[in-house]
Number of protein chains: 2
Amino acid sequence: MEMYRTHECGKLSLENVNQEVVLTGWVQKRRDLGGLIFIDLRDRSGIVQLVVNPETSKEAHEIADKLRNEYVIAVKGIVVKRSENTINPNIETGQIEVELKEINIINEAKNPPFFIQDHIDIDETLRLKYRYLDLRRNEMKNTLILRHKATTFIRNFLDKHGFLDIETPMLTKSTPEGARDYLVASRKHPGHFYALPQSPQLFKQLLMVAGLERYYQITRCFRDEDLRADRQPEFTQVDIEMSFMPLQEFQDLMEEMMVGLFKETIGYEVPRPFPRITYQEAMERYGSDKPDIRFGMEIKDLTEVFNNSEFKVFRSTIENGGQIKAINAKGAAHYSRKDIDQLTEFVARYGAKGLAWLAFKEDGVKGSIAKFVTEEELSQLRLILEIEVGDLILFVADSKKVVADALGNLRLKLGKDLNLIPQDVYRFLWVTDFPLLAYDEEEGRYVAEHHPFTMPRVEDIPLLDTDPLKVRAQAYDMVLNGYELGGGSLRIYKQEIQEKMFKTLGFTKEEAWDKFGFLLEAFEYGTPPHGGIAFGLDRIIMLLAKRNNLRDTIAFPKTAGANCLLTGAPSIVDHRQLEELHLEIKENIKA
Amino acid sequence: MEMYRTHECGKLSLENVNQEVVLTGWVQKRRDLGGLIFIDLRDRSGIVQLVVNPETSKEAHEIADKLRNEYVIAVKGIVVKRSENTINPNIETGQIEVELKEINIINEAKNPPFFIQDHIDIDETLRLKYRYLDLRRNEMKNTLILRHKATTFIRNFLDKHGFLDIETPMLTKSTPEGARDYLVASRKHPGHFYALPQSPQLFKQLLMVAGLERYYQITRCFRDEDLRADRQPEFTQVDIEMSFMPLQEFQDLMEEMMVGLFKETIGYEVPRPFPRITYQEAMERYGSDKPDIRFGMEIKDLTEVFNNSEFKVFRSTIENGGQIKAINAKGAAHYSRKDIDQLTEFVARYGAKGLAWLAFKEDGVKGSIAKFVTEEELSQLRLILEIEVGDLILFVADSKKVVADALGNLRLKLGKDLNLIPQDVYRFLWVTDFPLLAYDEEEGRYVAEHHPFTMPRVEDIPLLDTDPLKVRAQAYDMVLNGYELGGGSLRIYKQEIQEKMFKTLGFTKEEAWDKFGFLLEAFEYGTPPHGGIAFGLDRIIMLLAKRNNLRDTIAFPKTAGANCLLTGAPSIVDHRQLEELHLEIKENIKA
């Protein structure tokens, strides 16, 4: 018989009844019921039930009897309507089945090491080793299909708005901050190395100098660093840069893209415009530069309230220039001492030396600082924190940074613990006005928070001379549900601002040219005003698909240890390969 | 004034007359004519002429006076119709000009090292070093725009036909034939290396095992090899794989894609279906597996004709199992001895020990073998080679391989020399039935011509035991104007054929598993019939854009020596970076 299908399994419906069809795919399941054999046949489109009746075809029945899960088969048969009581509402094709005349075993299959079905509870290492089986499962397959739809949407959106897809090099130059560069050895240039790009930043700026005006690329980037749960050594970036476009117009366009993406791929309506919040405000209200605004529980500043506190810790914190802030854990007044001890341990991870608390119970205010708090203070707390009976107030008194870190993370933890975070909403926002500089104690100088080409806010430029840490950058992040989806900035395009920036960073002109020579040279030949953004595609897909880790969004990901469990990369290579590269592995490692 | 444009330079037309516009861009040219200053302003869309009249704005005139080429400016003015005698038919906007009221210098520019215009005759190394200026030139900018349009078309075509864009790893495992792999050192796994992919071949086959059915990816591939004029160390592949689809249907789809691509991007109508020719026939008729069929001059076999030749060289060639073949260089009978000596030198490069010739002149047949050729032979030659007076016939007598190489290349050379190749046509064809195996004298065994998973023609499978070199593969190339655009094959999906193949290649089962373990293991879990193709995108763009080298199709290419002249990659890296990788460069190179 012919091996080529006339229809896809998952697309058969009542409309096909009485048609003869050829189908191909994998055996999902086989059951023998009173002489009839039922087969669930799976292809990319879905599953359909096949019925093999020995009275229709003895030969087909004999073959069906030999089938095992994951065999690849081609079948021919007639689509029939199922009787009312056998309709399966759980699958798309549940109203019909196919009565087989012929079966052809295209390929046999060993018994897979795990079931090809959703929500299996097995070790991820096994899934990664047998990724080609893992990807047969609906939830994985559907994530890849969603990823395809998302990139297709993004590309077409950017194309429509005049952005050109331009490829930039993968074999490029190690940068001065190349500590996390992956190095590539070169046969033709022994002792010399290419670096894999951490981002196409320099090249996209060069494309703006080249007058291409609007660029995008969905491209792989690489970072050789300790891997966190949500990082991969290679990751995909939606990289965008534009010239001659007002920032507001550009950000509007990026909003429009995200709104379209969520609508087209998962049918979710994101409201516009996205809220905007400055970095400073985000840190104050949420203790985070990527606030999850799906729920409230904002951090409130109580430093004023406790100006004359009897509580020594509060008073000395204020005297030392610190802050007292708190969150209201709604309805958590019933938390036990043990619960609160655990929260205290939790905030300790972020440097907080303690966690003061007040529980507002039916029978009064209890808590670690209850005896120090005056009625006047209590009434102010009630107002500021909108306290009701049943609430638990948690205080951290410390430096600004520790307070933000501790309460920001505590807020997220309690949001989850208290089930305050709606799981089916997407809340976007822009975080703007990031600081331009940080002070590096180790190097004893200011360093760029983003990169040294980030444009300061024009009105802050004089502060570069007087108070550099106060300078706000024209830098912005798009944040979704507590994740940074992407970040960008306007770039410096004026020589005099660039020179001022380098001076602030403590570079002489020579040092600056040593580090960024070819880019600085390019900037001398007529640089337009430009800026851009880079989104983390893997993370966008993770949120769209409601998956819990980035690995589930990638066909062949690496482990946290940067290993590919399927292929065994990285691996030891033939010594001849190293010889050709004029490289030696140090003795202490060779073993 | 506002710095943001209301219009693009190249899109202004008579429809905009009397409108006030803001434009931004680069100064292409500035002329001072009797007090009026004329500026050609360029942005990505094109060029428009600006006029600055000191009587309209003294200030604008003073600024205009300071402008130099490649300054970045923003201007405000009124669009006016040009008088009849000043219309410039050479530019799109030649019917109008813009009378300026204001100019704002956004950025100055140094004098560029070459003119920003098409058809400049300067050293390519200078263009590569200042690539951001080179890309400002129309012909380069337009090639990048064409590339964008081409990839956009291909993606949307494949999306429409159910192919999923799935990303495969860049950090992967060095393959057993990894001689040309680029190696990436890993900080976390000292002494271990990733390899950059030469192609996603294994992963796309795994995606078929995973049941994704139709995959595509426009992706970077890497090969560390001696670079020819038309190779880059990193190149872009349009990689496609499908399951459960008849080969003919797949090839039809690929034809449809190419036809659509050429129509959409450059408006060229490619006729379908593409001609098909077997590898064997291509070698016989054109001496090449990627024949340029834009012209005739086919190679004719004359071995039979010269069976009883008096010419000793011909006779001994035949006795030794060789061939006598010739091409008809139409109208080249006037070629001088010197011309023919040069052609003889040319074929010598391909191993031909000589080049016999006959010139059919008004006054008779002349030539190196004229005196050996009988009337009977001449009349057969006239028939087979369709000889007319004025033609030059060139013969090579040698082994099959040398004859094909020498005459195939001679044909291409004469096609160019005699101007027989129409420059404005595209002639596609499929070359099919490539040999499955070659014999490697050095290794003393058969080796796969493509890769060991290529499917033989089913009727040839028994020949694997008896005459392996005769086995034809289900492998095919798409060829255009003498270039291989892409190649592919059906893959082996049956264990018993795969085992037979390995046996023919001289591998024991253990050796085969050593080399291809994880893929062979995957094939055991239910492999569908599958196959695919990979196109070289850079080459497609080169042909579409009628450029002469691949570098012109790539924004930031490498030289033949694999250097990036713009960034200086590859480069020496900080010794601390190597220390972290536990690598040492061998002493003899360090200097």
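The structure is a predicted model, in which local features need pLDDT of at least 70 and side-chain atom pairs count only at pLDDT 80 or more, whereas totals for chains, interfaces and linings use all residues. Residues are numbered from 1 along each chain as its sequence is written, chains are lettered from A and ligands numbered from 1 in the order in which they are written, and side-chain values use heavy atoms, with hydrogens and water left out.

**View 1. Relation of chain A to chain B.**

**View 2. The surface shared by chain A and chain B.** Contact (heavy atoms within 4.5 Å) involves 127 residues of chain A and 127 residues of chain B. Of the interface residues of chain A, 100% are also interface residues in chain B, so the copies meet through the same surface. About 11,500 Å² is buried between the chains, 58% of it on carbon and sulfur atoms; buried area is the accessible area (1.4 Å probe) that two parts lose on being put together, summed over both. A:Arg44, A:Phe244 and A:Tyr525 supply 7% of the area that chain A buries against chain B, more than any other three residues.

**View 3. The salt bridge of A:Lys188 and B:Asp224.** These two side chains meet at 3.4 Å, N to O. Across the interface, 12 salt bridges are found, each a side-chain nitrogen of Lys or Arg within 4 Å of a carboxyl oxygen of Asp or Glu.

**View 4. Strand E23 of both chains.** Residues 583–585 of chain A and residues 583–585 of chain B run antiparallel and are joined by 3 bridges. A:Ile585 has B:Leu583 as its bridge partner. Strands (E, at least two residues) and helices (H or I, at least four) are DSSP runs, numbered from the N terminus, and two strands pair if DSSP finds at least two bridges between them.

**View 5. The hairpin of E18(B) and E19(B).** Strands E18 (residues 437–440) and E19 (residues 445–448) of chain B pair in the antiparallel sense over 4 bridges. The hairpin has 4 residues between the strands, and B:Gly444 takes a positive phi near 65°.
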